[in-house]
2 protein chains.
Amino acid sequence: MSQTGAERRAVVLLSGGLDSATVLAIAHRQGYRCHALSMDYGQRHSAELEAARRIASALGAVEHQVIPISLDRFGGSALTDSSIPVPEQAGEGIPVTYVPARNTVFLSIALGWAEVLGARDIFIGVNAVDYSGYPDCRPEFVAAFERLANLATKAGVEGDAFRIHAPLIELTKAQIIGQGSALGVDYALTTSCYQADATGAACGRCDSCRLRAEGFRQAGIADPTRYY
Amino acid sequence: MSQTGAERRAVVLLSGGLDSATVLAIAHRQGYRCHALSMDYGQRHSAELEAARRIASALGAVEHQVIPISLDRFGGSALTDSSIPVPEQAGEGIPVTYVPARNTVFLSIALGWAEVLGARDIFIGVNAVDYSGYPDCRPEFVAAFERLANLATKAGVEGDAFRIHAPLIELTKAQIIGQGSALGVDYALTTSCYQADATGAACGRCDSCRLRAEGFRQAGIADPTRYY
């Protein structure tokens, strides 16, 4: 049931941010029919999911699913627990914006959908350079998940292997922006801010906003972000 | 934040069936404070979740969470897709009741909750003997998930390792029933049938009913299952 050539399908995890939009553009350019997958996991704001919808449409996804998954029930992260403030300066070690097991959960759900679709390629926009504090953004995590995927599934066991693609993993934010711009990504559609308002406008102060602004500056590309 | 001795916490995946009820009894007997976790994943009937609630309460769980996760959106299994009939005779290979990536998704969510709770022990009732057609019920799958868990998480990376316990993995159904009965599990509370009615009564004809009935017979223990 897997496809080759022009028929290859991929599941692309899409958050609404700059990185995953770039990944969708890369997968599309590589010739995959892209099935975009977003999670409604109790993020503090819905601007991210609105952005994901716009991006999926603008970048040629053949389908976009938003799966509700209540990780906010567990708390433990500034991104899902409103009692933990979002930091405005980078600290030491793993940030409080880390959501426990988030990428493991997202890749697992992507794997289930991929198996049903007959897709064997899953794309994720993790990046080990700018976000090195997150353990589930490292190459060894991605490799371990790929190995698990091929033990966990009917397709994998039958020798029709899954591949987890993390094309941004070794890139700087400036390189990501450069690559996406060359592929025609309109970054005005994306939102990166941890505390964006309902319209998607950004605070300009959180870690994510700082990294993004610095990325545009280093890439020498005009920053289309709207700030509130 | 991890605990030792009398304070140790565990997350126990609880489906409402015979196997996971036995696992909860085992974890409780081992002295863990058990946080039971069930998924509402679009199963065909809600009798399973009702059973899970009764079991969590009867077997001393300190808490029970039911997390909605819409795997039925993807289809692909007789357990979540009403257009695929539940088989009444075991076939060759991987059964159509296989839900793509189900145990990977469930363990990932359990991992996220465990990290927030400070629990380092996760229990799952997978069994490689009676259900050998499911790839995500094998020891190599469980080992690969444990390895992933310790690469994916803040706790794992900091050396406070997670352990995935699958105490039934090498047991026959009769051995599971024998062990649970010795621990006082009331199997009348559990439901195993793939097409149970709203009250939890079983069909007596599907693979799962057959395995269960045969298990009680081989264990020499009276079968409390209600059939419709």
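Predicted model: local features only at pLDDT ≥ 70, side-chain atom pairs only at ≥ 80, totals over all residues.
**Close-ups of a two-chain model**

Residues are numbered from 1 along each chain as its sequence is written, while chains are lettered from A and ligands numbered from 1 in the order in which they are written.

**View 1. The side of chain B that touches chain A.** Here 37 residues of chain B are in contact with 37 residues of chain A (contact: C-beta atoms, placed from the backbone, within 7 Å). β3 (63–68), α3 (102–117), α4 (139–152) and α5 (154–157) of chain B each give two or more residues to this side, and α3(B) gives the most, with 10 residues. Helices (H or I, at least four residues) and strands (E, at least two) are DSSP runs, numbered from the N terminus. By class, this side of chain B splits into 22 nonpolar, 9 polar and 6 charged residues (Ala, Val, Leu, Ile, Met, Phe, Trp, Tyr, Cys and Pro are nonpolar; Asp, Glu, Lys and Arg charged; the others, Gly among them, polar).

**View 2. Chain B superposed on chain A.**

**View 3. α4(A) against α4(B).** The two helix axes come within 9 Å and cross at roughly 160° (axes are lines fitted to C-alpha atoms, for helices over the stretch in contact; angles run from 0 to 180 degrees between N-to-C directions). α4(A) and α4(B) are therefore roughly antiparallel (over 145 degrees). Among the residues making the contact are F141(A), F145(A) and L148(A) of α4(A), plus F141(B), F145(B) and L148(B) of α4(B). The contact has 12 nonpolar, no polar and 4 charged residues.

**View 4. The open sheet of chain A.** Five strands line up as β3-β2-β1-β4-β5, with parallel pairing (strands pair if DSSP finds at least two bridges between them). β3 (63–68) and β5 (163–165) of chain A stand at the edges with a single partner strand each, so one side of each is left without a neighbour in the sheet. Three bridges join β4(A) (121–123) to β5(A), and F123(A) has H165(A) as its bridge partner.

How values were computed. Contact = placed C-beta atoms within 7 Å. Least-squares fit on C-alpha atoms with pLDDT ≥ 70 in both. Parallel < 35°, antiparallel > 145°, perpendicular 65-115°, else oblique.
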